[in-house]
Structure formats: structure tokens, C-alpha cells
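Welcome, and thank you for taking a look at this protein model.

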Amino acid sequence: MAASKPVEPQSGTGLPRWQLALLVGTPIVLGVGAVYLWNRSRTKDGKRNGERKTPEGSASPVQGQDGAPPASREQENMSPLDRAQAAKNKGNKYFKAGKYENAIQCYTEAIGLCPTEQKTDLSTFYQNRAAAYEQQMKWTEVVHDCCQAVEMNPRYVKALFRRAKALEKLDNKRECLEDVTAVCILEAFQNQQSMLLADKVLKQLGKEKAKDKYKNREPMMPSPQFIKSYFSSFTDDIISQPLQKGEKKDEDKDKEGEAAEVTESSGYLKAKQYMEEENYDKIISECTKEVDSGGRYTAEALLLRATFYLLIGNATAAQPDLDRVINMQDANVKLRANALIKRGSMYMQQQQPMLSTQDFNMAAEIDTRNPDVYHHRGQLKILLDQVDEAVGDFDECIVLRPDSALAQAQKCFALYRQAYTGNNPSQVQTAMDGFEDVIRRFPKCAEGYALYAQALTDQQQFGKADEMYDKCIELEPDNATTYVHKGLLQLQWKQDLDLGLELISKAIEIDNKCDFAYETMGTIEVQRGNLDRAIDMFNKAINLAKSEMEMAHLYSLCDAAYAQTEVARKYGLKPPTL
């Protein structure tokens with residue numbers, strides 16, 4: 001794996017489960033945080049989760065034709081408000097009988113009779129008429145009447161939610177989101193129906209915005225630390241190996257007294273040299289020279305170029321190169337297998353698990369003794385929650401490469417997640433003992449400490465988890481992700497907001513391209529009620545997103561925060577904050 005963030009299944013540990021929790025489907029690859037932050041304690045009142053269809057107010061018990069009360073002289077002596085209430089009650093009877101047009105006429109009569117100063121009653125009549133229009137699927141009329149109701153009673157939950165549903169039908173997602181956000185806050189985030197609508201609309205908005213933005217985004221090279229971590233997850237990869245003496249550029253070999261081993265000038269070899277120098281921005285252009293010239297390293301150049309296209313988030317450009325390498329029957333099998341691994345990982349990011357699985361299986365067929373195939377397929381299986389198969393793949397990787405610390409650590413993590421989610425204390429302890437063995441045998445593997453720290457955090461062994469993150473930082477001081485995880489630990493362990501933010505700010509200082517740090521900072525700022533700053537952080541993460549799926553998730557976070565700012569401005573409503 002790229003070692004930027006530990007691989008987790010969809011139920012993996014995200015932000016701390018303290019006071020406030022997170023709602024939204026978790027994207028696959030990057031284990032991202034949340035859309036709304038709220039108390040998810042479920043209501044004990046079954047009605048809170050039921051469908052809201054009925055109008056408000058009791059119906060008149062007087063029986064008459066079609067359920068309508070008979071005309072009476074008493075009405076002439078009733079006040080305008082009482083007459084309006086009587087008309088509403090008549091409308092309610094029609095509504096319950098499914099006679100919505102009659103109900104609308106009665107609610108219209110009630111609206112006309114009601115004194116304008118009786119705002120609460122008048123808002124109810126408008127809301128009831130909106131309910132009848134809703135049954136007729138007249139969405140514009142529903143929105144109009146709900147607007148009237150909310151204008152007179154700004155915290156009218158039924159009217160806000162009914163308007164939200166109508167706005168969704170009219171494809172006005174932004175205003176729908178604002179209304180349903182207000183409803184969620186007013187209901188203390190305890191009604192499943194409104195929460196699910198918020199989640200649905202956020203995902204739709206995120207996908208729409210990401211599709212447009214990702215298509216036109218400026219590709220951006222990630223940090224050197226990220227690139228090195230990515231390549232470190234491959235051990236049987238020709239293109240990531242250092243230049244051999246016979247491959248070095250002519251001028252370099254002259255300096256080393258090796259002029260006798262001169263090889264032809266090659267864009268690919270120049271690209272490899274730039275890799276060693278961490279001059280990553282020149283690699284794609286040099287590989288293109290090799291490909292265009294039809295040089296002897298065409299297959300290698302295609303694969304290296306595709307790899308860097310993937311690193312800058314340009315999967316569209318990467319796929320044709322990967323396809324060409326995979327279909328080169330005379331190419332080195334290691335190159336083809338590596339291309340299949342990378343295409344399979346790309347498919348997984350695009351949420352195409354079947355295609356991803358096919359590629360990994362093909363890689364295992366053509367290069368049966370390639371440890372990278374089993375290592376990366378094991379990660380895929382974790383993401384698909386196929387833990388037994390994941391462990392089998394990690395075991396195969398370890399057999400082929402016993403010194404693979406990453407595979408050892410990730411096997412322990414897979415076993416730990418299986419035991420933890422299955423609530424099996426004895427197997428949890430076995431997995432924890434396995435982590436101890438991994439860090440003892442591979443004391444230089446930062447990933448082992450990082451994954452162990454996550455498991456320790458789950459077990460609320462916060463002090464020891466903190467020590468593990470310190471070990472990571474000692475081994476990889478330039479890995480910003482570790483600072484983010486350590487910062488989150490401080491929030492969960494000590495509720496030390498200042499220290500947590502200081503560590504996450506340190507991560508951004510180390511790597512200003514760490515999207516995970518900006519995303520986490522934004523999520524915390526939402527919890528603190530600093531919505532404008534949260535939106536700024538999410539926007540920075542969006543510009544750094546490496547896949548359309550990740551970008552869609554980040555847009556969901558940003559839209560949720562923006563909706564809360566609008567709700568606070570319009571209605572003075574804010575969710576609970578830290």
C-alpha cells in the first residue's frame with residue numbers, strides 16, 4: 001500500500017467516537033471522516049422514524065355526508081379563528097379519506113378565514129394544504145405553501161421537512177440540503193428519515209460536483225514522502241528499482257570510470273535517474289520520449305508513466321498505458337503483473353470491485369510467485385470485508401518474501417479487525433500479541449507501529465498508542481499522516497483540542513499537500529462550530545484529491561458545512577459543538 005493512511009475496511013476507525021459521531025457512507029480507499037457531526041443516539045419513540053404524511057389537528061367528530069360536518073347555525077356565531085379551525089378539521093377528514101382535492105378546498109377556506117395575526121394556526125393550515133398537494137405530487141405548490149408556513153413559524157419541522165422533500169423532487173438539492181439540515185438540528189439528529197435524506201442529497205451533490213471538477217482539475221504531484229511511501233509498497237517492481245550500472249547515463253558512467261559500459265541514450269533511463277534524484281515532475285515527459293521513439297524500454301516507460309499519472313490523479317491518462325503493458329505478451333511478466341496490480345487498484349478507487357478482482361486474479365495467474373500481487377490483493381480483500389481471504393493472501397506474500405514487514409503488519413491488522421468487529425476478546429489479544437511480534441522483528445517498519453497504534457486506540461490503550469506514533473515519527477519524520485493520527489489520538493484520549501490541532505497543523509507544515517490533514521482539520525472545525533474555516537480546509541483537500549470518489553466525499557463534507565452556515569444565518573440554528 002502507499003502507506004499514506006493505513007488500510008481499513010469500511011467499518012474502520014475514523015475520528016474519535018466521543019460526544020459527537022459521524023454520518024455518511026465511508027469511501028473505500030482513503031477511509032475518510034464524515035459529513036455531519038452529531039449525537040447519533042437513537043430515539044426510543046418509534047414515531048420519530050415513521051413516515052410523515054398526515055396533516056395536523058384533530059378531525060371533527062361530527063358525522064355527515066362524505067365525512068363532512070353538517071351546516072349549522074352555530075357557525076355563524078363562531079369567531080373567524082374557530083370557523084377556520086372547523087374548516088381545517090373538515091379538510092383533515094377528507095385527507096384521511098384520500099379525497100385530497102376536497103381537503104385542499106377546506107384548507108384554502110381555513111387560510112382565508114384565519115386572522116393574519118394568528119400566525120401559528122395559519123402556518124398549520126398552509127402546512128396541511130402542502131401535505132395534500134404532496135399526495136398529488138404537485139411539488140411547486142408544496143414548496144409554496146411550506147414557504148408560507150416557515151415564514152410564519154421558522155422552526156416548523158414538518159413544513160421544513162416537507163419542503164425539503166419537494167425541493168429534492170424539483171432537483172433543487174442545495175435548498176433541499178439547507179432545509180433537511182435545519183430539520184436534523186431541530187430534531188437533535190435523532191430521526192432516521194431526515195438523516196437519510198441529508199446523507200442521500202450530500203452524496204448526490206458530491207458526485208455531481210466532483211464529476212465536473214475532476215474532469216477539469218489541474219494534475220498535482222504529491223509530496224516526495226507520499227511517492228516514496230507508494231513505491232515502498234512494491235518489492236518485486238522493476239520500474240521502482242535503482243538504476244543498475246549498465247543502465248546509467250553515459251555522463252554518469254564516465255565519472256565512475258565505466259565508459260566501457262555505455263548504453264544508448266534513453267528517455268526511460270533519464271526518468272529513472274530523475275526518480276533517484278526525487279525530481280519527479282520530469283518523469284512523465286521523459287517516459288513519453290521513450291514511448292514516442294519506440295525505444296527498447298517502451299514497456300517500462302509506459303508503466304512508469306502510467307504510475308505517475310495515477311500518482312497525480314489522472315486515471316484517464318493512466319489506463320491506456322496500463323492496458324498496453326498488460327496486452328504486451330512478449331513483455332517481462334513482472335511488468336505485466338505490476339500493471340495489473342495498478343489497474344486493479346485504480347478500479348477499486350473507481351468503485352468497480354469486480355473489475356479490480358479480475359485484474360488481481362489475472363496477475364496471480366501470470367506471475368504466481370510475485371509477492372506484490374498477494375500483498376495488494378490482500379488489501380483489496382480487507383476493503384471488501386473478505387478477511388479470511390485477505391489473511392490467506394498476506395500469508396502467501398510472507399511465504400514468498402519472509403522479510404515483508406508490511407505484509408506481516410497488515411495481516412495482524414486484518415486479524416485484529418476481524419476479532420474486534422466480531423467481539424472476540426481472545427482473538428483480539430492474539431492479534432495484539434502478533435503486533436508485538438511484528439515490531440520486535442521489524443523495528444524499522446513504521447507501518448507496523450502505525451497499525452498497532454490504531455488497534456491500541458480501539459482498545460483504549462491510549463498511552464501505548466501514543467508511544468507507537470512517536471516511534472513512527474522517529475522513523476519517518478516527514479510522514480505527515482502520522483502527525484494527523486497522533487493529533488486525533490490527543491482528542492480522544494485527553495480531549496486536548498489545542499494539542500490535537502497543533503499536531504495536525506504540524507502535518508500541514510511538513511506536507512502542504514496532505515489532503516488527509518486538511519480534511520481532518522476541517523472536520524474538527526465543524527465540531528468546533530468554525531464553519532467558514534472548515535469550508536476553507538475542505539476546499540484545500542478537494543484541490544488535492546487524487547480520485548473522483550475521494551473528491552466527491554470531500555465535496556459532501558464541504559456542502560454539509562456550508563448548509564450549516566446557511567441554517568445558522570437564516571434560523572439561528574447551530575448543532576452542538578465542542
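Predicted model: local features only at pLDDT ≥ 70, side-chain atom pairs only at ≥ 80, totals over all residues.

The crossing in which H8 passes H12 is right-handed. On the H8 side, the contact is made by Phe226, Ile227, Tyr230 and Phe231, and on the H12 side by Thr307, Phe308 and Leu311. Sorted by class, the contact of H8 with H12 has six nonpolar residues, one polar residue and no charged residues.

Helix H3 (residues 119-135) and helix H5 (residues 157-169) pack at an angle of about 30°, with 10 Å between their axes. The angle is under 35 degrees, so H3 counts as roughly parallel to H5. Here the crossing of H3 past H5 is left-handed. H3 brings Gln127, Ala130, Ala131 and Glu134 to the contact, and H5 brings Lys158, Ala159, Arg162 and Lys165. What classes do the residues of the contact of H3 with H5 divide into? Three are nonpolar, one is polar and four are charged.

Here are the two pairs side by side.

| Helix pair | Angle | Axis distance |
|---|---|---|
| H3 and H5 | about 30° | 10 Å |

In soluble globular proteins, nonpolar side chains tend to be buried together. The largest nonpolar core of this model has 56 residues, and Ile283, Leu304 and Phe308 touch the most other members. Which helix gives this core its largest share? Helix H12 (residues 298-311) does, with 10 residues. Phe308 of H12 also takes part in the contact with H8. Leaving out residues up to four places away in sequence, Ile283 touches Ala271, Tyr274, Met275, Leu304 and Phe308. Apart from this core lies another, of 51 residues, and its members include Val150, Ala182, Cys184 and Phe189.

Next, a few single residues are worth a visit. Leu475 lies in helix H21 (residues 462-475). Is Leu475 buried or partly exposed? Its relative accessibility is 28%, so Leu475 counts as partly exposed. With neighbours within four places in sequence set aside, Leu475 is in contact with Pro443, Lys444, Cys445, Ala446 and Tyr449. Leu475 and Glu447 are 28 residues apart in sequence, and their C-alpha atoms are 9.9 Å apart in space.

Asn423 has a positive phi of about 55°, although it is not a glycine. Where does Asn423 lie? Asn423 is in the loop between helix H18 (405-421) and helix H19 (425-441). With a relative accessible area of 67%, Asn423 is exposed. Gln495, another residue other than glycine, has a positive phi near 50°. Gln495 lies in the loop between helix H22 (480-494) and helix H23 (497-510). At 49% relative accessibility, Gln495 counts as partly exposed.

Terms used
Residues numbered from 1 in each chain as written. Heavy atoms only, no water. Core = buried A, V, L, I, M, F, W, Y, C linked by side-chain atoms within 4.5 Å. Buried < 20%, exposed > 50% of the residue type's maximum accessible area, 1.4 Å probe, protein only. Helix = DSSP H or I, 4+ residues; strand = E, 2+ residues; numbered from the N terminus. Contact = heavy atoms within 4.5 Å. Left-handed = near helix turned anticlockwise from the far one by under 90°. Nonpolar A, V, L, I, M, F, W, Y, C, P; charged D, E, K, R; others polar. Axes fitted to C-alpha atoms, helices over the stretch in contact; angles between N-to-C directions. Parallel < 35°, antiparallel > 145°, perpendicular 65-115°, else oblique.
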